[in-house]
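Subject: Structure for your study

Dear colleague,

Please find below the sequence and structure that I am handing over to you. My notes on what was found in it follow directly after.

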Amino acid sequence: MEEHRKLLKVIENIEEVMIGKREVAELSVVALLAGGHVLLEDVPGVGKTMMVRALARSVGADFKRIQFTPDLLPSDVIGVSIYHPKEMEFQFRPGPIMGNIVLADEINRTSPKTQSALLEGMEEASVTVDGRTLALPDPFFVMATQNPIEHEGTYPLPEAQLDRFLLKVKMGYPGREDEVEVLRRAENQPPIDRIEPVITLDELRDIRIRAAEVSVGDTVKGYIVDLAESTRKSPDIRLGVSPRGSIALMRAARALAFLKGRDYVLPDDVQHLAPYVFSHRMILQPEVRYEGIDAEELVDRIVTRTKVPVRRAGTR
Amino acid sequence: MSQKAVDRMFLGLIYVLVVLLVREWLLPITELTGTGHLALFVIFVGLCFVFPLFGAPWWLSGPVKLIYAVWFVAHAHMDGTAAPVSSVSFVLGDLLQNAGLLVTGELGRITDPFRTVLFLALLWMASYLIQYWINLKMSVLIFYGMTVIFITVLDTFSPYSADEAIIRILVVGFLLLGFTFLAKLADGQRKRPGLPAFLLMTIPLLVLVTAAGAVSQFLPKSDPAWPDPVPFIKSFAEGAGDGLGRDAGKIGYGEDDSMLGGPFIGDNTVVFEATAERGQYWKVETKDTYTSRGWIHSSEEQELLPVGEGRPIDEPLLAGTTRGEDTATLSVQLDFEFIVRPYGASTPAGPEGTEFLQESGTGKVIPFVNNAPAVLDAYSVTYDEPAYSLTALRNTTPDTLPQGEFGQYLQLPDGLPQRVHDLALEITGREETLYGKARAVEQYFRQNGFVYDQANVASPGTGEDFTDHFLFESKRGYCDHFSTSMVVLLRSAGVPARWVKGFNEGEEIGRSDAGRQFEVTNNNAHSWVEAYMPGVGWMPFEPTIGFDGAGGVDYDLDLDEMTEQETQEMEESAKPEEAEEEEAPAAAKGDSFWKSLGDRIAENSRAIYIGLGVLAAAALLAFLLRDKWLPRVMVARFRKRTLDREGFERAYARLLGRLRRYGLPKEDGKTLSAYAREVDAHFGGTDMRRLTEAYESVLYGGRDGIREEQAVRESWENLINRTIG
């Protein structure tokens, strides 16, 4: 499978600039293939921007970056119509959202109003400016970062908006060896400049269609629903995953299966992605949160406890 | 001392205790069933444990056990010394013979050597089971619990007294539990305990158990919180009576019959041996007065009349034929001041100078030497067994009965409950002849739930009528109950009847020119009934279930004149006589197939129990050893199957089951491919991964066909074979 190999190359490219973060690279590509967006939750300075830029370069995509600040306005994101004296008319100056791959940095630093401007664009794949609906470029992929909630001066994203993101990923610091390698590479030419495009946007669009054709057997669908249901029944979770969350998990699993060169989804794909898809779609009981158990851990527990189907439904 | 030696010592200690427990099982078995050679059985069990302890290979332990078993069987059952060659041929011959019996289902004829072989096999399997419990589970609690239950049940319900056994079992059992617990503790440690640690662990245990046992010996012991449940259960089963505390009497011929009833136990003492042409009842005397509790004779003083030439002992029949004159020769072991004689006896003959006088009332014949009653060791009686004319019997209508002559044989006590009279009328009301009435009463006991039993017999309460209690309350008893009740019922129905004492035919022990030889023991002491048939004479009847009766009917009628029942009786009487089991309740005539099947089962219960035990143990063994054979069966079956989608799913599920048994269970939350990696890491190779990939494409990918079917089959077989434990 030619496309499959190319996608692996994309991941390798990202790995070039983000040493030891293959997992995050893979997840980004999964989200890209599934037509979803990624929320990176982490402290600044671990290489998020680098990663997104590497991804953009690899697919030959237009890269935009929005640094969210408390005073950022929706028009700063979407764009603004400005009166052009020469032409005697308002001309739309597109905002940074009008790109293929958008890095929305520190999304929880800005006001909910601005946040929702971005999130609406993500959901609808279009924005409304001065009564006109403008389609966003295709592909349109947002990678948003947010500081951990405990940091001061943040506006936490509402749950309903969080589920606009297909995956929520925690990046973490690189390992010791990896960080040494980071330093070694930083001495030379920045690796980002060496990255060559692997696939074109046209090819990417094509691959996305193919990825959506990966089959999900009824057995696996049942397994996804079992997992979602377990989050609803768990006493530690106040609000479990909605059916939209189940759909998201299925979409992501399809993309992962495609990335692995399979044309059907395995429970392994589902298991692997469940924490990234589910953790930001649930509300934990407060006492659980005080105990320091986070949502990823809870999802992990649910995954280890939920029975993986090993026979077709209806057979003994 | 090496680690291995310490481990072995520990295990050996456990095994010794287990063998001691097994001995507690064997003890009551040998005591209750009369099996001998307890020590040899224990040695066999010991052998079964010693070989595995030292890791002896099967080719060593198997033959040694086999040789021991052959020697054992030959030693226990062969006459004379057991030389090797003759022992083997003896055991082999016996096995072959019994194999034939097994095939034909004649369990009753299985020989004792074969039973010993079966029992040894059972012991071998039991010791294997116990080893399984110990080696794999380190748990003897089940075995220990079963031992305690077994012994306590035996102690409660059988003559076996477990007073000492229970103490031994408790001490041994506590030690066993302690040791196995220590073994389990040691298993949990990374480092196995050495000799010092071993002693440190075991010595306190030994001291503690011994001290507790010793102290308990001297502590005051309170009475049981519950009374002994057996009497209660018995009274429940028998439906009452106050005679529960009454001691069981011994069977035998006694003079005093004024208090009938109560349980008795068997006695094999030989009373006399007789040589005669046919087996028959041996009559001594009759009694005529029923007292509600037993029998006496109406006249205290008996007129003594000489018998012999000119005056036969038994009056000849008024109608009927005889079976031909014969002389019965008797040699008597017990000191009886009377003679026993067959029906139709005419002339007794004893040593020179012996005179025989007969009591006119009871009919008892007493030998006199020098005008004093004497005890004869040997005598003979000439007799001619009568056959009663059916023609005459069918004419015995009540109006033919001479009036006023039989008052003493129609006597009934004043307190006889009305329901006995009612029952007599109910049974006999439809019969027109006295003979018909007598047969109806005789048959009544065979069809109305009466049970022959010598041991569990309740006596009637004070003031209760013996007959009434048997007929309506207990329905359980022996000959005295049946015969007395029949006499009372006959008298109630207006048929003159009297109660007869004597012996039944006994056991045939051989034949000679002089005739068949019968051995009559105290167990053969018996009572039956005589009823007076007008125009015929006194005729014996046998109401007791399981007995043949004395005398026969001369079927001097044409067949088509006879009733169905009479025809049936004729056919039965025409059958060759069979030596009847002494006093044992044989199958009642005319009863259903099931009854006789039940009796056969009861007769062969020991063989059946052993057989069932062997079967159950074999099944359990097969189940416990399934890891050894099941995979092979599965592979053989798998080879024949087509590997379609369903077949593949089933095969994969079986494999998961086998792996779980093997000790590699798949956790619920684990995916198949993760599990496959784990399995492959355990076994080495990539079989499970290859198989699982194919399975995933079928299960999750919805493929119908299986790629590389041959490789998949091979992988499956490889994996199944690896699970053979």
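I begin with Arg419(B), which counts as partly exposed because its relative accessibility is 35%. Here buried means under 20% relative accessible area, exposed means over 50%, and partly exposed lies in between, with a 1.4 Å probe and protein chains only. Arg419(B) forms a salt bridge with Asp468(B), and their closest N and O atoms are 2.7 Å apart. A salt bridge is a side-chain nitrogen of Lys or Arg within 4 Å of a carboxyl oxygen of Asp or Glu. This pair links distant parts of the chain, 49 residues apart: Arg419(B) is in helix H11 (residues 418–428) of chain B and Asp468(B) is in helix H13 (residues 466–474) of chain B. Asp468(B) is buried, with a relative accessible area of 4%. Helices (H or I, at least four residues) and strands (E, at least two) are DSSP runs, numbered from the N terminus.

Before going further, please note that this is a predicted model, in which local features need pLDDT of at least 70 and side-chain atom pairs count only at pLDDT 80 or more, while totals for chains, interfaces and linings use all residues. Residues are numbered from 1 along each chain as its sequence is written, chains are lettered from A and ligands numbered from 1 in the order in which they are written, and side-chain values use heavy atoms, with hydrogens and water left out.

Other salt bridges

Over all chains, the structure holds 41 salt bridges. One of them joins Asp687(B) to Arg690(B), with the closest N and O atoms 3.9 Å apart. Both residues lie in helix H21 (residues 687–699) of chain B, three residues apart, which is about one turn of the helix. Asp687(B) counts as buried at 10% relative accessibility, whereas Arg690(B) is partly exposed at 35%.

In chain A, Arg164(A) forms a salt bridge with Asp163(A), the closest N and O atoms being 3.6 Å apart. Arg164(A) is partly exposed, with a relative accessible area of 24%, and Asp163(A) is buried, with 15%.

Strands of chain A

Glu41(A) also belongs to the description of strand S1 (residues 38–41) of chain A, which is covered on both faces. Val38(A) and Leu40(A) on one side, and Leu39(A) and Glu41(A) on the other, are all buried. Two strands pair if DSSP finds at least two bridges between them. S1(A) pairs in the parallel sense with strand S9 (residues 167–170) of chain A over four bridges, and Leu39(A) stands opposite Lys168(A) in S9(A). Four bridges also join S1(A) to strand S8 (residues 141–146) of chain A, again running parallel. There, the bridge partner of Glu41(A) is Gln146(A).

A sheet in chain B

Which strands make up the open sheet of four strands in chain B? Their order is S7-S10-S11-S12, and the pairing is antiparallel. Strand S7 (304–306) and strand S12 (372–373) of chain B stand at the edges, each with a single partner strand, so one side of each has no neighbour in the sheet. Five bridges join strand S10 (residues 354–359) of chain B to strand S11 (residues 365–369) of chain B. Within this pairing, Gln358(B) stands opposite Val365(B) in S11(B).

Domains and annotated spans of chain B

Chain B is divided into domain 1 (3–218), domain 2 (249–591) and domain 3 (625–722), with bounds that come from an automatic or database domain assignment. The centres of domain 1 and domain 3 of chain B, taken over C-alpha atoms, are separated by 41 Å.

An unreviewed UniProt entry lists residues 471–545 of chain B as "domain: Transglutaminase-like". Over these residues the chain is 24% helix and 48% strand, and the end C-alpha atoms are 14 Å apart. UniProt (unreviewed entry) also places the feature "transmembrane region" at several spans of chain B, including 166–186 and 607–625. Residues 166–186 of chain B are 100% helix and 0% strand, with end C-alpha atoms 30 Å apart. Residues 607–625 of chain B are 95% helix and 0% strand, with end C-alpha atoms 26 Å apart. UniProt positions are given in the numbering used here, feature names are shortened, and annotations may be inferred rather than shown by experiment.

Yours sincerely
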